[in-house]
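Have a look at it first, then try each task before you read the solution.

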Amino acid sequence: MKDPMGGSSAKKCSGCGIELQALNPDLPGYIPEKSLGREPVICQRCFRIKNYNEASSVAVDQDEFLRLLSQIGGKNALVIHIVDLFDFEGSLISGLQRFVGNNPVILAVNKIDLLPKVTNWNKIINWVQKQCKEQGLKTEEIILCSAKKNQGFDRLLEAVSDYRGDRDVYVVGATNVGKSTLINRLIRDYSDLDQELTVSRYPGTTLDMVSIPLDDGRHIIDTPGIVYPWRYSELVNRKDLGAIMPENPLKPMVYQLNEGQSLFFGGMARFDFIQGERQSFTCFISSRLHIHRTKLEKADALYQEHAGELLAPPDKDSLGELPDWTRHEIRIPKGGKLDLFISGLGWIKVNGDLGALTAIHAPKGVKVLSRPSLI
């Protein structure tokens, strides 16, 4: 077999961990031969993400992710599972317990900076504990943090010290949950290495396991982000990612609705209040996504005529890339304090306790569910 490096021993990209090759620009790990002498050496894809904020589409299949994950159970490891609070149900690795075996798990709940400053954080931790219990996930500790604002990080580092012992640290999570940002902090605190992982909002930035030696001879192992097809961030055109993934604290939008009214979230999704007494609903979505209110009876025609224009993003060009919408009918019982959750797009909080019949329209495959209110 021809050496992918054209003769030199196989090196790995210090940004995403993939084995480097200089033969095929269309395959993962491509690096022009003239760049091989640089240190640290990174593949062309990481170079483009870091310098031009653009990504080529390179996918690593689901089976490969699960194969990498299943190795952890047989190791003596501390597992840090990072989830995105904005997309909690969409980013929690279902069945993680069976992959990690008896190894201790710290759950790092990232992006708390998106919630209002007046949030009761103890209630959020209790909420997360209940959700984990339902999923059968046992955690040593739940730590609320913000990689972006560097909040909660000291506690996470303390917890790593408390539970690590003589173990390697494996960091797992779905794509786009802030894994690489957190690992770069771990590198700075625990290791004297210069290398940093490629940080980007594009799905699947880390392509292979990246092993970072620690000062005591153990390692931090960054695993590839698992690509979950039910999250909006995996479906939309890359140019629309910035519109649906909030960068700044959410500005909850409250709507007093009568039955028979609908809300469009750009052209990404629609909420129908079908039946019930007049009541209020609070929308927790990116402020860059315009909410348009209309009558339920006019909603289908409005979408047919104005999707990609008045109802955007997506624009006309990328509208056809999304699957057709599926309708999810959800009945809110009386007294039910619930969120209607759309994975990767946000959620609608039902404020009243009067009960209601509602529906969510979202692209086929996107995870839509009702859950106990987060806030």
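Predicted model: local features only at pLDDT ≥ 70, side-chain atom pairs only at ≥ 80, totals over all residues.

Residues are numbered from 1 along each chain as its sequence is written, and side-chain values use heavy atoms, with hydrogens and water left out.

**Exercise 1.** Find the side chain that meets Asp 339 in a salt bridge.

Solution. Step one is the rule: a salt bridge is a side-chain nitrogen of Lys or Arg within 4 Å of a carboxyl oxygen of Asp or Glu. Step two is the partner, which is Arg 371, at 3.1 Å from N to O. Step three is the location: Asp 339 sits in strand E13 and Arg 371 in strand E16, so the pair ties together parts 32 residues apart in sequence. Finally, Arg 371 is buried as well, at 2% relative accessibility.

**Exercise 2.** Work out the strand order of the open sheet of five strands.

Solution. First, the terms: helices (H or I, at least four residues) and strands (E, at least two) are DSSP runs, numbered from the N terminus, and two strands pair if DSSP finds at least two bridges between them. Reading across, you get E7-E10-E14-E13-E16, with antiparallel pairing. The edges are E7 (253-257) and E16 (368-372), each of which pairs on one side only. Now zoom in on E13 (residues 338-342): five bridges join E13 to E16 in the antiparallel sense. There, Phe 341 stands opposite Leu 369 of E16.

**Exercise 3.** Is strand E9 mostly covered or mostly open, and which strands pair with it?

Solution. Begin with cover: E9 (residues 269-275) is mostly covered, as five of its seven residues are buried. Next, take E8 (residues 261-265), which pairs with E9 in the antiparallel sense over five bridges. The E8 and E9 hairpin has three residues between the strands, and Gly 266 takes a positive phi near 55 degrees. Then turn to E15 (residues 356-363), which runs antiparallel to E9 and is joined to E9 by five bridges. Phe 271 stands opposite Ile 360 in E15. Last, Asp 272 also meets Arg 270 in a salt bridge, at 2.8 Å from N to O, and both residues are buried.

**Exercise 4.** Why does the salt bridge of Asp 315 and Lys 239 tie together parts that are 76 residues apart in sequence?

Solution. The side chains meet at 3.5 Å, N to O. Asp 315 lies in the loop between helix H10 (296-306) and helix H11 (316-319), and Lys 239 in the loop between helix H8 (232-235) and helix H9 (241-244), so the pair links parts that are 76 residues apart. For cover, Asp 315 is partly exposed at 26% relative accessible area, and Lys 239 is partly exposed at 48%.

**Exercise 5.** How many salt bridges, helices and strands does the chain have?

Solution. The salt bridge count comes to 16. Glu 141, Arg 155, Glu 158 and Asp 162 are linked in a salt-bridge network. The chain has eleven helices and 16 strands, and 55% of its 375 residues count as buried.

Terms used
Buried < 20%, exposed > 50% of the residue type's maximum accessible area, 1.4 Å probe, protein only.
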